[in-house]
Amino acid sequence: MNPLPTAILVRGSILHFLADPGPADDSSAWQYFEDGGLLVEDGLVLACGPWGSVLDGVPQHISDAARYFDYRGQLIVPGFVDTHTHYPQLCVMGSWGRKLLDWLEDYTFPAEMALADEALAQRTASFFVERLLAHGTTTASVFATVHAHSVDAFFSAAARRNLRMLCGKVMMDRNCPPALRDTPASALDDGMALIERWHGQGRLGYSVTPRFAPTSSPEQLAVASELWHSRPGLHLQSHLSENPQELAWVAELFPGRRDYLDVYEHYGLLGPRAIYGHGIHLSASERTRLAASGTAIAFCPGSNLFLGSGFCPQGELSASGVRLGLATDVGGCASLSMLQSMASAYEVSQAAGQVLSPWRAWYLATLGGALALGLDAQIGSFQRGREADFVVLDSAATPELAWRLEGVEALGERLFALMMMGDERCVRATHILGERAFCRSEPQAVPAVR
C-alpha cells in the first residue's frame with residue numbers, strides 16, 4: 001500500500017494569535033484570513049496565509065501530490081489547550097455538590113479510588129482522549145490519580161493518537177482516604193519511574209503533580225521539588241487559592257508560611273513550566289511573585305461557578321504579568337468544551353467587574369494556554385514550524401447560532417456569539433499533525449485551484 005503524501009493543504013477561514021491582544025484588543029496580535037490556507041508537511045506548518053498566496057508558494061510537484069481538505073465557510077483555529085483537567089473525574093461531572101472540600105470527599109476521592117482497577121483506568125483514559133478530540137481540544141494538562149498505572153493508561157491512550165499531552169501521578173500522603181495515600185518515598189520512586197517511561201516519548205511530557213498543599217506533608221513537597229528538578233523540561237501542576245476554607249486550612253497546616261503561595265515557594269515549586277489551577281483569592285504580593293517567577297495560573301471559570309469558589313480576577317492577574325491559560329477543570333466543570341469555558345470566562349469576568357473580549361478569550365484558549373504550559377514553541381499558533389494541530393468550527397451548527405449570525409460580518413461579533421452559544425456540535429473536525437483525528441461529517445476533498 002502506498003504511503004499517504006506528506007504534504008497537506010487546508011483551505012478555510014483561518015484565525016490564529018501571535019501574541020496576547022491585551023485589554024486594548026491589539027489587532028497586530030492576531031492574523032485572520034477569510035479565504036486562508038495552511039501548508040502542512042510532516043506534521044508541521046510550513047505556510048499560513050491567504051489561500052492564493054499559500055498555493056502559489058507551493059512547487060507544482062508538491063501541490064499535485066498533496067492531499068486537500070476543503071473547509072471553506074468554516075473557521076479554523078489552532079487546537080484548544082485545556083490547562084487544567086482531571087481525567088478520572090469524568091464519571092462525576094455534573095454531580096450535585098456544596099463547596100470544594102465537601103465535593104472532594106463526596107465525589108472526587110471515590111472516583112479516583114475506583115481507578116485502582118487498571119482496566120477501568122484504561123477505559124476511562126481512552127474515552128477521555130476521544131472526547132477531548134470531539135470537543136476540539138488537542139493538548140491538555142491532565143491530573144491522573146495516585147496510582148502509577150493511571151498515568152500509564154492516560155499516556156498510552158494519548159500516544160495512540162499521537163497527541164501532545166501532559167500528565168502526572170497525583171501525590172497525596174495525608175488528609176485523604178488511606179486508599180489514595182502514598183508516601184514521600186513511594187511518590188519519589190513512582191515519579192522517577194514514570195518520568196523515565198514517558199517523559200519526552202513522542203509528544204508526551206510528565207508533570208509532577210502534588211494535588212494541593214493540604215494533602216502533601218512538608219516532606220512530600222520537598223520530594224515534589226526533587227522530582228521536578230531531576231531533569232530539564234519537566235512540568236509541574238497543582239492547585240492554589242481556590243476556596244476561602246481551603247486558604248484557612250493551609251494557614252493552619254503551614255503556620256510558618258506567610259501565605260498560600262509561600263508554601264510552594266518555600267519548597268522550590270515556582271517557575272516556568274509550573275501551572276496552578278484557580279488563583280482566585282490571591283493577594284497583590286502573590287500575583288507579583290507569580291509573575292516574577294514565570295509561574296502560570298489556569299483560569300477555571302466553569303468549575304469556579306459550579307462550586308461557588310469565587311470569581312478569578314483574570315484582568316488583575318494579566319495586569320500583574322502572570323501567564324494565564326483557560327481550563328475546564330473537569331469534573332468540577334460539567335463539560336469538556338473549551339467553547340463553554342470561554343463563555344463561563346466572560347460571565348465570571350462580568351461578575352468580577354473585569355473586561356474579557358472575544359479576542360482575548362480565544363487567545364487564552366489557544367496560544368495563551370500554550371504559553372502558560374511552556375509549549376508555545378510547539379503548539380498554539382500557525383507560525384512556521386509549529387505542529388499542525390487544529391480544530392475546524394461550524395458557526396451554523398445549531399439553528400439558534402445560524403439565526404444569530406445571519407447577516408453578521410464583523411469577526412469579533414461572530415467569535416463572541418460562537419463562544420457564548422457554541423458547544424461540541426460546532427466542532428466539525430479536529431486534526432492532529434495535519435491528519436484528521438475526528439470528523440463530525442466528511443469534508444469534501446477537492447483539487448487545487450490556481
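Leaving aside its neighbours within four places in sequence, with which residues is isoleucine 195 in contact? In this predicted model, the residues that isoleucine 195 touches beyond that range are Tyr206, Leu227, Ser230, Arg231 and Leu234. Isoleucine 195 belongs to helix H6 and is buried, because its relative accessible area is 2%, under the 20% cut-off. Leucine 236 lies 41 residues from isoleucine 195 in sequence, and the two C-alpha atoms are 12 Å apart. Glycine 200 is exposed, with a relative accessible area of 52%. From glycine 200 to proline 272 the separation is 72 residues along the sequence and 17 Å in space, C-alpha to C-alpha.

The largest nonpolar core contains 115 residues. The members that touch the most others in this core are Phe80, Tyr87, Phe154, Trp362 and Leu393. Leucine 393, with neighbours within four places in sequence set aside, is in contact with Gln74, Leu75, Val77, Phe80, Leu339, Trp362, Leu418, Cys426 and Val427. Another core, of 15 residues, lies apart from the largest one and includes Ile8, Ile14, Phe69 and Tyr71. Trp362 is also part of helix H14, where it is buried together with Pro358, Trp359, Arg360, Ala361, Tyr363, Leu364 and Ala365. Helix H14 (residues 358-365) thus has 8 of its 8 residues buried.

Helix H4 (residues 118-134) has 17 residues, which should span 24 Å at 1.5 Å a residue; the C-alpha atoms at its ends are 24 Å apart, in agreement with that value. The buried residues of H4 are Ala121, Thr124, Ala125, Phe128, Val129, Leu132, Leu133 and Ala134. Their packing partners include strands E5 (80-86), E6 (137-143) and E7 (165-168), along with helix H5 (148-160). Strands E15 (427-432) and E16 (435-439) also pack against the buried residues of H4.

Several backbone values were examined in loops. Most residues other than glycine have a negative phi, and most peptide bonds are trans. Asparagine 162, in the loop between H5 and E7, has a positive phi, near 60°. Asparagine 162 is partly exposed, with a relative accessible area of 37%. Leucine 433 likewise has a positive phi, near 50°, and is placed in the loop between E15 and E16. The peptide bond from valine 330 to glycine 331 is cis, with omega near 5°. Glycine 331 lies in the loop that runs between strand E13 (323-326) and helix H13 (338-351).

Leucine 433 is also one of the contacts of glutamate 387. Glutamate 387 is located in the loop between helix H15 (367-372) and strand E14 (390-393). With a relative accessible area of 11%, glutamate 387 counts as buried, because the cut-off is 20%. Glutamate 387 and leucine 336 are separated by 51 residues in sequence and by 22 Å in space, C-alpha to C-alpha.

Serine 238 lies in strand E10 (residues 235-240) and is buried, with a relative accessible area of 0%. Its contacts, apart from neighbours within four places in sequence, are His84, Phe143, Pro210, Arg211, Phe212, Tyr264, Ile275, Tyr276 and Gly277. Aspartate 70 is 168 residues from serine 238 along the chain, and 41 Å separates the two C-alpha atoms.

Across the whole structure, 3 cavities of 30 Å³ or more were found. The largest cavity holds about 150 Å³ of space. It is lined by 14 residues, of which His86, Leu100, Leu104, His239 and Glu242 are the closest to its centre. Helix H3 (residues 100-114) supplies the largest share of this lining, with 4 residues. By type, the lining of the largest cavity consists of 5 nonpolar, 6 polar and 3 charged residues.

How values were computed: Residues numbered from 1 in each chain as written. Predicted model: local features only at pLDDT ≥ 70, side-chain atom pairs only at ≥ 80, totals over all residues. Heavy atoms only, no water. Core = buried A, V, L, I, M, F, W, Y, C linked by side-chain atoms within 4.5 Å. Buried < 20%, exposed > 50% of the residue type's maximum accessible area, 1.4 Å probe, protein only. Contact = heavy atoms within 4.5 Å. 1 Å grid on protein atoms, 1.4 Å probe; cavity = no way out; pocket = protein on both sides within 12 Å on 5 of 7 lines; lining within 4 Å. Points joined across faces, edges and corners; volume = space filled by probe spheres on them. Helix = DSSP H or I, 4+ residues; strand = E, 2+ residues; numbered from the N terminus. Nonpolar A, V, L, I, M, F, W, Y, C, P; charged D, E, K, R; others polar. Expected span 1.5 Å × (residues − 1).
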